[in-house]
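Here is a brief report on a single protein chain. Keep the sequence and the structure side by side as you read.

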Amino acid sequence: MTHTPQSSSNGVASPGAQRKILVVEDEPTIAEAIAARLRAEGFSVHTAADGPTAVDAAHAWQPDLLVLDVMLPGFDGLEVCRRVQAHRPVPVLMLTARDDETDMLVGLGVGADDYMTKPFSMRELAARVHVLLRRVERADMAARTPRSGTLHLGDLEIDHAQRRVRVRSLDVHLTPTEFDLLVCLAQTPRAVLSREQLLAEVWDWADASGTRTVDSHIKALRRKIGAERIRTVHGVGYALETPAL
């Protein structure tokens, strides 16, 4: 009997286990191309072609990551993301056929960690998948060996140990990517970090073609902690504003 590797409770496969990826895409040619590339990368892959099937598969199979198209029969990828995340946190790479920033921000708002716009290269998709899984592993390790203390920047609090953020003493829900992005900015408050620096630090992605991903995550983060807290330096990058002493 073949043993199926089990995932840990936080959505990351235990050491040595084969990582499991659920590909949710209603175009058979695209779905099979993604699945073939990810299998070649050493992942175990299942596919689903509509919203209800995807949710059922995610609950039954407990994947370590979802590659999720926005436009699906049954109900769309945003609803799939909501239902899956409500049941169990899992990293999500969202695919969209439209270069529509509103779709991207909504996707990030319901729990997606990253997005790609079609058409895309399979090489880049595989790289993004590896990056997402490494980030979740780092977050899990940080939770088990946390940095001590809470960082206070005015009425913004960043609790490294619990990976929690509060604004004016109220909890703010951030995705793992948003939390890592905020921490990266908070390490050098008021200093301007370029999009390329943020992409390398938070995403481990050195290709400048991904800087729009940074911009969209910044916009999603601003909506949650307050737009005035993150300053844009046009043509350069972003800085976390702090109260004047």
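## The chain overall

Of the chain's 245 residues, 49% count as buried. The model is a predicted one. Its accessible surface comes to about 11600 Å². Carbon and sulfur atoms account for 54% of that surface.

The secondary structure comprises eight helices and 12 strands. Take the contacts between residues at least 6 apart in sequence: 59% of them join residues at least 24 apart.

## Helices α2 and α3

Two packed helices are described by the angle between their axes and by the distance between the axes. Start with helix α2, residues 51-61, and helix α3, residues 77-87. They pack at an angle of about 20 degrees. Their axes are 10 Å apart. Angles under 35 degrees count as roughly parallel, and α2 and α3 are therefore roughly parallel to each other. Their crossing is right-handed.

Which residues make the contact? From α2 come Gly-51, Ala-54, Val-55, Ala-58 and His-59. From α3 come Val-80, Arg-83, Val-84 and His-87. By class, the contact of α2 with α3 holds five nonpolar residues, three polar and one charged.

## Helices α6 and α7

Helix α6 spans residues 176-186, and helix α7 spans residues 195-203. Here the packing angle is about 125 degrees, with the axes 10 Å apart. Roughly perpendicular covers 65 to 115 degrees, and roughly antiparallel needs over 145. The helices α6 and α7 are therefore oblique to each other. The crossing of α6 and α7 is right-handed.

On the α6 side, the contact residues are Thr-177, Asp-180, Leu-181, Cys-184 and Leu-185. They meet Leu-198, Glu-201, Val-202 and Trp-203 of α7. The contact of α6 with α7 divides into six nonpolar residues, one polar and two charged.

## Glu-157 in strand β7

Now turn to a single residue. Glu-157 sits in strand β7, which runs over residues 156-159. Is Glu-157 buried or exposed? Its relative accessible area is 17%. Buried means under 20%, so Glu-157 is buried.

How values were computed
Residues are numbered from 1 along each chain as its sequence is written. This is a predicted model: local features need pLDDT of at least 70, side-chain atom pairs count only at pLDDT 80 or more; totals for chains, interfaces and linings use all residues. Side-chain values use heavy atoms; hydrogens and water are left out. Axes are lines fitted to C-alpha atoms, for helices over the stretch in contact, and angles run from 0 to 180 degrees between N-to-C directions. Helices (H or I, at least four residues) and strands (E, at least two) are DSSP runs, numbered from the N terminus. A crossing is left-handed if the near helix is turned anticlockwise from the far one by less than a right angle, and right-handed if clockwise. Contact means heavy atoms within 4.5 Å. Ala, Val, Leu, Ile, Met, Phe, Trp, Tyr, Cys and Pro count as nonpolar, Asp, Glu, Lys and Arg as charged, and the others, Gly among them, as polar. Buried means under 20% relative accessible area, exposed over 50%, partly exposed in between (1.4 Å probe, protein chains only). Accessible areas come from the Shrake-Rupley method with a 1.4 Å probe; for residues, only the protein chains shown count as cover.
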